[in-house]
Structures are given as C-alpha cells and as structure tokens.
Amino acid sequence: MKNWLRTTVSASALAVLMAGAPALAQEEMLDPAAKQGGSIVITYKDDVATLDPAIGYDWQNWSMIKSIFDGLMDYKPGTTELRPGLAESYEISEEGQTFTFKLRSGVKFHNGREMTADDVKYSLDRVTNPKTQSPGAGFFGSIKGFDEITAGSTETLSGVTVVDPMTVKIELSRPDATFLHVMALNFASVVPQEAVAEAGADFGKKPVGTGAFKLGEWTIGQRLVFARNEDYWRKGLPYLDQITFEVGQEPIVALLRLQKGEVDVPGDGIPPAKFQEVMADPEQKARVVEGGQLHTGYITMNVEMAPFDKKEVRQAVNMAINKDRVVQIINNRAIPANQPLPPSMPGYDNAYEGYAYDPEKAKAMLAEAGLADGFETELFVMNTDPNPRIAQAIQQDLSAVGIKASIQSLAQANVIAAGGEKDQAPMIWSGGMAWIADFPDPSNFYGPILGCAGAVEGGWNWSWYCNEDLDKMATEADSVTDPAKADERSKMWSEIYGKIMEDAPWVPVFNEQRFTMKSPRMGGADALYVDPVSIPVNYDYVFVTDVQ
Amino acid sequence: MAAYLVRRLLQTALILLGVSVITFALLYLLPADPVRQIAGRSATPETVENIRRQLGLDQPFIVQYWRYLSGLLQGDLGRSYLQRSEVSTLIAARLPASLLLMVGAIGCELLLGLTMGIVAAVRRGSVADQTMMIASFVGVSAPQFVVGLLLLYFFSVRLGWFPIGGYGTWKHMVLPSVALGILGAGWYSRMMRSSMIDVLRQDYVRTARAKGLARGTILFRHALPNAVLPIIAMIGIDIGLFMSGIVVIESVFGWPGIGQLAWQAIQRIDIPIIMGVTLVSACAIVIGNLLADLVTPFIDPRIRLR
C-alpha cells in the first residue's frame with residue numbers, strides 16, 4: 001500500500017517503453033467472465049443535481065460523472081492505484097514542477113469529435129475560472145497562474161500550455177506531490193468547448209464527455225438513462241448496454257424493491273434500521289459486499305473554548321470514550337479508530353496505539369487540570385439516525401468522568417454553520433458530515449479539517465486547531481514529489497498525524513465500513529462494488545450474468 | 001360578483017407578497033450558510049467569497065429581497081443554487097405529478113368519505129356506524145408518513161397488488177392517493193354522516209317516504225344532493241391541506257412532484273427552490289379558498305358574495 005506511487009509511475013513508464021500495444025488488454029483489466037449487454041437499475045433518494053464535472057460534488061453524481069467523462073489520470077478499478085486515463089503517458093521533470101502529458105490519439109467525445117490538447121487546456125481554464133463556481137477550483141491551486149485566474153485578471157492558466165495537438169504541459173508554482181491525484185478528480189475531466197458553449201448554463205443537464213457511457217434520457221425528478229458509448233476508447237468496455245438511475249426512492253423502499261428483483265443496486269445502501277434484518281437472513285447477506293472506505297468519524301474539541309484549550313482535558317476526553325460500544329450502536333458497521341487517517345490510507349501508522357479507553361486515568365487527568373468536579377459543555381450533532389444515539393453514548397461516557405455534556409441535535413447545515421464559528425460549538429460529533437477523502441492521499445485529511453487554512457470563519461476545521469509548525473511540515477511533505485521517495489513522504493505524514501494526536505484536538509472514533517447490496521444477477525469482482533473511488537459501484541466494469 | 005372577484009384577486013396578490021417577505025426573511029435569518037453548501041468542503045475562502053458575490057448573497061437583506069421581487073414580477077423565479085437550472089423549469093417539470101396526485105386524493109376522499117358517511121348515517125348507532133367512525137378517527141389522527149409506509153408494506157410488499165412506489169401507471173397512483181386522501185376521507189365521513197342525518201330528519205324526506213317512494217330513491221335522489229353540498233365547498237380548502245401532505249407522501253412513495261422537490265431543497269438550503277415551491281403552494285391555497293368561496297352561493301342561495 002505504501003508503495004502505491006512508485007509502482008504506478010514505474011508501471012506506466014514500463015508501458016511507455018513497451019510502446020503500449022501488447023499490454024493493452026491487461027491495462028484495460030477486462031474480466032474474461034464478463035458478458036456484453038443487458039441493463040441495470042440503480043436507485044437514489046435525492047435528485048441528481050448536475051452532471052457537469054466542474055460542479056458535481058454529491059454522493060450520487062460523483063460516480064455518474066466518472067462514467068460520462070474521463071480525466072488525464074484514472075484509478076485501477078476497485079483500487080486506489082493511479083493509472084493513466086486520457087493521457088497515454090506522462091513525464092515529471094527533475095524538480096517535480098513540470099508535468100508533460102502525452103494524450104491518447106483517436107479518443108472521441110460523445111458528439112463524435114476527436115479530443116485534443118486544446119480541450120485539456122480549455123477544461124482546466126474552465127474549472128478554475130471563478131465564473132464557473134466550481135467547488136473544486138481550489139484543488140488546482142498549485143498550477144501556475146491559478147491566483148491570477150482566481151482574481152479575475154485573466155481567463156487562462158499561464159501554467160498550462162498546448163505543446164502540440166497530442167501533448168499538454170502543466171507547470172506548477174510549487175511542488176505538489178498530490179498533483180496526479182488532482183488530475184484524476186472529476187473536476188479535472190476533459191470537456192468539449194463547443195458542447196459547453198452550446199448548452200450554456202445547462203451543460204450539467206446535457207453533458208458531453210469521452211466516458212464509457214453517454215446520457216440518453218433525463219426526466220427531471222424521475223430517472224436518468226445512460227447508454228453504452230460504442231466508441232469508448234477502452235476497447236471492450238463498458239459491459240452494460242444501459243443503466244437506469246431512478247431517483248426519489250427512499251432507501252427502505254429501494255431495499256424492498258431489490259428483494260422483489262426490481263432494482264439491482266440501491267445507491268444509498270442498506271438503511272440503518274434494516275441492517276440487522278438483512279445480515280440475519282443468509283439469502284440477503286450473500287448479496288452484501290463489505291469494504292473499507294476513506295472515512296473517519298471523530299469528535300472535535302474546540303481548542304479556542306475553555307476548558308478544551310487545555311491539552312490535558314482533550315487527552316482525558318480521548319481516554320473517556322468507549323469506542324467499541326459506539327461501534328456496537330451502529331451494528332458493527334465500522335472499526336474503532338485511534339488516529340485521523342483511515343487504515344487503507346498511505347501514512348496510516350500501524351504501530352501507533354492511541355489513547356486506550358481508561359475512565360479512571362481520564363478522571364485523574366481532569367483532576368490534575370484543576371477540573372476534579374468535572375465541567376459542563378455542549379455536544380453538537382446532526383439530527384439523523386444513528387447520530388443522536390451515538391451522541392447519547394458519548395454523553396454517557398463523558399458523564400462517567402464528570403463531564404456533563406448537553407446534546408444539541410440540529411440539521412446538518414446548522415451544525416456545519418456552528419462549527420465554522422469560533423465560539424459556538426465546544427464539541428461536535430462528525431457523523432453524517434465526516435470527512436471522506438477526495439483522493440487517496442494523507443494530505444487530504446489535513447488542510448481543510450486540521451490545518452490552519454481550515455480554522456477560519458465558515459471553515460471545516462471545527463476544533464480550530466492551528467499548529468504552524470505542522471503546517472510547515474505539511475508543506476514540506478507535499479514538496480516531496482519524487483516517486484522514489486513516496487515512502488519517506490508517507491512517514492512524514494505519519495509523523496504529522498502523530499503530533500496531532502499528542503495535541504488531541506480530535507477524538508477519532510471509528511472508520512466506517514461500506515456495505516453495498518446487489519441483485520443476484522450482478523457480476524464482477526467484489527472490489528468493484530466497494531470501489532474506493534467510484535461509489536457505490538464502478539459502472540464501467542460491472543456486468544449482468546443473465547444476458548445471452 | 002365581478003367587483004368581489006377583483007377585490008379578492010387584489011387580496012391574493014397582497015397575501016403572496018406577504019408570504020414572499022416572510023419566507024425570504026426566515027431563510028435569510030437561518031444560521032446555515034447556503035454558500036457553504038454550494039461551495040462544498042474543499043473550497044478555498046476565495047471560492048466561497050466569489051460565489052457569495054456572484055449570487056448577490058453578500059448584499060443586505062433589502063437589496064436581496066428587492067432583486068428577488070423584481071425578478072418575480074417579471075415571472076422569473078431565479079436559478080437553483082445546487083441544481084443549476086431555472087426554478088420555473090424544475091417546478092413545471094414536477095407540477096403535473098403533484099396535481100395528478102391531488103386529483104387522486106380528492107377522488108379517494110369523496111369515494112371513501114361519502115360512502116362511509118352515508119352508510120353510517122343510514123345505519124346510525126349500528127356496529128357498522130361505530131366501526132366506521134372509529135376508523136375515520138384513526139384516519140384523521142394517524143401520521144401520513146406511517147400510513148404511507150403501512151400501505152406500502154401490506155399492499156405492495158405482502159400482497160403485491162401495487163408497485164412499490166414510483167410513477168407512471170394508474171396502479172402507481174392508488175396507494176399515494178389513498179395515503180394523501182385518508183385524512184380528508186376521515187373528515188368527510190364525519191361531516192357526511194351528520195349532514196345526512198340532518199337531511200333525513202327534514203320534512204320533505206318524511207313526505208317522500210309518506211308518498212311511498214323506494215328507499216333508494218329517497219336516499220340518492222332527494223337526500224344525497226342536499227347533504228353533499230356543504231362538503232363540495234370543502235374541496236377547495238383541501239387543496240391547501242394537500243400542499244403540506246405532498247411533502248411527506250411524495251417522499252415516501254417516490255412520487256416526482258413538487259413536494260419531493262421542496263423536501264430535497266430544504267435539506268440543502270436551496271433558497272430559490274424553497275421560495276418557488278412556497279409561492280406556488282401559497283398560490284394553490286389562496287386559489288383553493290377562493291374557489292371554495294365562489295362555489296358557496298351556488299350551493300346555498302342565502303349566501304351572497306359582496
């Protein structure tokens with residue numbers, strides 16, 4: 001796992017050496033058991049807001065956009081391993097600040113036009129242009145010219161140049177070890193300028209990409225139908241002819257329909273209230289796929305609010321929480337956590353033991369901090385099941401060491417708003433709003449939620465923890481762009497998170513597991529159903545077994 | 001009559017203006033920040049500020065409201081923050097489904113409510129009467145969310161008579177219509193019962209009976225038309241009730257109407273959609289009440305509209 005960056009880069013270097021051709025089928029990762037054809041039905045509760053890759057940032061549209069569009073980089077299905085996408089190969093300059101991408105030839109947009117380097121440049125200019133209002137614009141901050149385009153003084157990124165129709169060069173203003181991951185984000189998808197111009201503000205409803213599927217029909221509030229892209233550049237893919245997404249379906253209704261064979265994958269997963277029932281029934285349990293995800297659930301303690309300004313108090317709280325019991329409350333759908341990073345993330349420190357559950361020691365530490373009689377505080381929590389129940393368990397654990405926490409159960413947006421104020425929320429349970437990584441890199445768990453950059457009005461660093469030394473270390477770690485030093489970089493990140501745990505602004509509580517259900521006719525490796533990147537399912541690679 | 005109508009329509013405009021001010025103010029006062037919802041968690045402070053400026057959300061309340069109102073007067077409901085399309089398009093795409101559901105619910109109310117009311121009145125004091133009055137009481141009190149799920153469970157999952165949620169055929173329409181109409185059916189059955197009992201006591205019914213008319217003729221030709229009139233006037237008011245009901249029912253049954261749209265928008269503070277749906281609902285309520293008032297003089301000639 002820790003070797004991911006090195007392996008990817010060397011594998012693609014190898015592919016370049018071999019001129020690509022012989023290793024093609026292997027690179028596409030085709031499944032010999034797969035059959036071509038058939039259609040499936042996926043359900044979601046909420047409407048699909050947009051399929052514009054510069055804008056879509058939802059649970060449901062993230063993977064849909066992945067199937068309609070492609071970026072220069074991509075991940076091997078079912079893994080967090082990078083592989084080239086629309087780029088056939090890439091070169092990184094010595095100092096790690098210039099990336100030259102060689103594009104695949106013969107890749108066609110759904111409108112039939114061939115994709116070129118101009119489209120890559122246009123797409124990056126578009127996503128960073130403030131007028132686009134992309135929630136992902138900030139990811140491209142390391143590209144040269146980003147500040148100018150953000151300020152509105154220009155409409156084009158000076159760091160992105162078209163060398164020839166099949167080559168694009170991207171210069172960075174600072175070393176950024178995560179840049180290849182950024183180029184694999186949906187926000188970096190390549191879009192055709194003429195289609196964007198034609199659809200105007202409605203491009204999100206009339207998407208045109210290079211992806212495995214194209215949008216067929218979209219009946220607002222009811223369904224979207226994706227049709228197979230016959231000209232897809234990954235030959236032999238996708239397997240399915242058609243995917244129908246039915247929206248506005250409550251998870252519990254979706255589960256009932258799955259049992260009747262009307263639905264193939266309920267996109268919102270198994271409703272918590274039904275989880276035990278499903279797992280107790282062998283027939284249903286056989287159709288559940290379990291996997292990890294890049295998620296950590298945590299309690300934040302506001303270091304700007306007394307008594308959480310004292311490190312000892314925060315450490316004591318870390319010892320007071322019985323994480324095993326919290327995990328039981330959610331029917332063991334998670335594993336207890338002891339550090340901010342989830343276990344499948346590079347930089348996760350296996351040797352770190354964390355704060356063991358020890359209420360007696362917690363009490364002693366509170367007494368040492370001059371709080372022998374405990375204190376009163378507030379715990380903010382999002383008001384949907386199971387979060388209030390989890391908050392009650394935390395409340396009990398806290399009261400056992402003398403801390404009287406009253407629970408403030410609010411709508412999601414209100415909890416987020418309270419966390420973004422310096423003096424509003426002493427403690428927040430992150431459930432329902434917790435961090436899920438945008439890309440599999442340890443830096444993604446730092447900046448917005450634990451770094452100084454996030455400790456601002458309206459930010460996501462709800463503990464308001466800001467350690468400038470760690471910010472410096474983070475910048476240093478992200479400057480290590482040499483793939484050969486990926487291990488070293490991971491270690492630097494482990495050290496950063498170790499130091500954070502010493503200061504204890506968080507209680508890491510658990511890492512949620514993912515449980516996807518599928519109909520009996522769905523085929524393909526289990527990993528595709530718990531794909532860490534394409535959630536809930538990697539649509540390009542799954543297939544149905546009942547086609548002729 | 002014409003003067004009355006003009007006055008009422010003017011009042012309607014004032015009511016809608018009031019609704020728009022109050023809703024806009026409530027959304028403005030909400031502690032949650034819609035820009036954070038649009039910008040997402042990875043946005044830089046510059047992105048957030050830039051979006052706030054472009055949407056005009058950095059302006060004072062009066063300016064924001066004035067902009068909204070002047071758009072509204074030109075028939076522009078604005079653009080959804082998150083769906084990034086015209087609110088009028090989104091509502092227009094979903095309104096037919098909601099209207100269809102309401103028609104179904106009115107049908108269910110009348111069919112169930114009137115039948116139960118008539119039977120109860122005719123068999124007054126019998127076991128059937130008492131059972132139906134208890135049933136109507138349950139129908140009025142039960143939360144629609146629960147009724148919806150129970151209907152789904154028994155008639156779709158266990159018995160398999162109807163599809164499990166969704167939209168399209170008449171079969172899809174039955175359960176949500178019943179779930180939405182059951183509350184009104186409860187009221188109607190009680191109203192119908194008492195109204196029918198009153199009418200059956202009238203002299204002209206006694207005369208009809210004395211003439212030796214058949215029981216069915218008395219009931220359906222002489223008593224029913226008089227007993228049913230006050231209820232017809234109620235239907236307009238029901239449209240207002242439905243507006244709150246569809247938010248829940250449409251979510252349970254996956255019915256693609258404006259209630260579902262509102263519910264999703266509320267969760268994500270998509271202000272233009274919330275405003276749009278609220279105004280459309282307010283319109284429906286006001287028009288419903290107006291219709292109810294307009295119908296009354298035809299039913300009871302003693303009432304004059306002035």
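Guide: Let's begin with A:Lys311, which is partly exposed at a relative accessible area of 32%. Before going on, the ground rules: this is a predicted model, where local features need pLDDT of at least 70, side-chain atom pairs count only at pLDDT 80 or more, and totals for chains, interfaces and linings use all residues. Residues are numbered from 1 along each chain as its sequence is written, chains are lettered from A and ligands numbered from 1 in the order written, and side-chain values use heavy atoms, with hydrogens and water left out.

Visitor: Why is A:Lys311 called partly exposed?

Guide: Buried means under 20% relative accessible area and exposed means over 50%, with partly exposed in between (1.4 Å probe, protein chains only). A:Lys311 has 32%, so it falls in the middle class.

Visitor: What makes A:Lys311 and A:Asp503 a salt bridge?

Guide: The term asks for a side-chain nitrogen of Lys or Arg within 4 Å of a carboxyl oxygen of Asp or Glu. Here N to O is 3.9 Å, so the pair qualifies. A:Lys311 sits in helix H11 (residues 311–320) of chain A and A:Asp503 in helix H18 (residues 486–503) of chain A, so the bridge ties together parts that are 192 residues apart in sequence. A:Asp503 is buried, with 17% relative accessible area.

Visitor: And what makes H11 and H18 helices?

Guide: Helices are DSSP runs of H or I with at least four residues, strands are runs of E with at least two, and both are numbered from the N terminus. H11 covers residues 311–320 and H18 covers 486–503, so both pass the length test.

Visitor: What about A:Arg389 and A:Asp385?

Guide: The closest N and O atoms of that pair are 2.9 Å apart, so it is a salt bridge too. A:Arg389 has 37% relative accessibility and counts as partly exposed; A:Asp385 is also partly exposed, at 44%. Elsewhere, salt bridges that share partners join A:Asp74, A:Arg83 and A:Arg234 into one network. Over all chains, the search finds 35 salt bridges.

Visitor: What makes A:Ala504 worth a look?

Guide: Most residues other than glycine have a negative phi. A:Ala504 has a positive phi of about 50 degrees although it is not a glycine. Its relative accessible area is 0%, so A:Ala504 is buried. In chain B, B:Arg84 also has a positive phi, about 55 degrees, and at 14% relative accessibility B:Arg84 counts as buried.

Visitor: Why is helix H15 of chain A called mostly covered?

Guide: Of its 8 residues, 6 are buried. Those are A:Ala413, A:Val415, A:Ile416, A:Ala417, A:Ala418 and A:Gly419.

Visitor: How do you know which residues B:His172 touches?

Guide: Contact means heavy atoms within 4.5 Å. Not counting residues up to four places away in sequence, B:His172 touches B:Pro163, B:Gly165, B:Gly166, B:Tyr167 and B:Trp255. B:His172 itself belongs to helix H8 (residues 170–200) of chain B.

Visitor: How are H5 and H6 of chain B known to pack together?

Guide: B:Met116, B:Val119 and B:Ala120 in H5(B) meet B:Asp129, B:Met132, B:Met133 and B:Ser136 in H6(B). Helix H5 (residues 87–122) and helix H6 (residues 127–141) pack at about 145 degrees, with their axes 9 Å apart. Axes are lines fitted to C-alpha atoms, for helices over the stretch in contact, and angles run from 0 to 180 degrees between N-to-C directions.

Visitor: What does the whole of chain B come to?

Guide: Its secondary structure is 12 helices and 0 strands, and 49% of its 306 residues count as buried.
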